[in-house]
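Notes follow in the order I checked things.

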Amino acid sequence: MSNRIAVVPGSFDPPTLGHLDVIGRAARLYDEVHVVVVHNPGKEAMLPIAQRLALLEQSIAESGLDGGNVTVASWSVGLLVDYASDVGAGVLVKGIRSQVDVAYETPMAIVNRNLAGIETVFLLPDPSHALVSSSLVRQVAALGGDVSPYVPGPVARFLDTGDAAR
Ligand code: PNS
């Protein structure tokens, strides 16, 4: 387990510019970054996991973050910390936009540390992304609004074609 290898987990339903900002920051801090799309049973999904994975891959490639140390995968069986130990990661990275995120993430960070000794590092995204969330994007997209200010190009194009379940 290496502290130079990080996992950036999330639902990514859909990926937002805030997610890409955090992935980019993690890629500059760690030798290897594994972005992992995780099924969150507490949330009703808009996109299937395979679609989120494809959109993340396209968004990372288009933003130039695929410089060699960022990989994308999905994980739907078991604990996130098991995925982290499979890839040798000693760190989970999460983006924190507000006190609400701190309250939501803190119990998960403590549980993950108790389960496997894995630390969670919180990164602050650029303030321009502070109000962006996947749930807001889902809502605006479902009602036919323009989500392009909040999501990477591939996600905006995908949602604009009406391919996503509405
Ligand atoms: O983007 P999200 O929905 O806030 O991400 C939450 C997620 C998927 C990272 C979280 O639900 C998670 O870690 N799920 C994996 C299952 C797990 O390991 N649970 C126990 C420790 S929290």
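I took a nonpolar core as a set of buried Ala, Val, Leu, Ile, Met, Phe, Trp, Tyr and Cys residues joined through side-chain atoms within 4.5 Å. Buried means under 20% relative accessible area, exposed over 50%, partly exposed in between (1.4 Å probe, protein chains only).

The model is predicted: local features need pLDDT of at least 70, side-chain atom pairs count only at pLDDT 80 or more, and totals for chains, interfaces and linings use all residues. Residues are numbered from 1 along each chain as its sequence is written, and side-chain values use heavy atoms, without hydrogens and water.

**Inside.** I looked up the largest nonpolar core and found 21 residues. Val8, Ile23, Val33, Val35, Leu56, Ile60 and Val93 touch the most other members. H1 gives the largest share, 5 residues. Helices (H or I, at least four residues) and strands (E, at least two) are DSSP runs, numbered from the N terminus.

I then followed Ile23. Leaving out residues up to four places away in sequence, Ile23 touches Val8, Phe12, Val35, Leu56, Ile60, Leu65 and Val70; contact means heavy atoms within 4.5 Å. Another core, of 13 residues, lies apart, and its members include Trp75 and Leu80.

I checked Leu79, in the loop between E3 and helix H3 (80-86). Leu79 is partly exposed, at a relative accessible area of 41%.

**Whole chain.** I noted 6 helices and 5 strands. Their order from the N terminus is β-α-β-α-β-α-β-α-β-α-α. The C-alpha trace spans about 45 × 30 × 30 Å along its principal axes. Of the 166 residues, 46% are buried.
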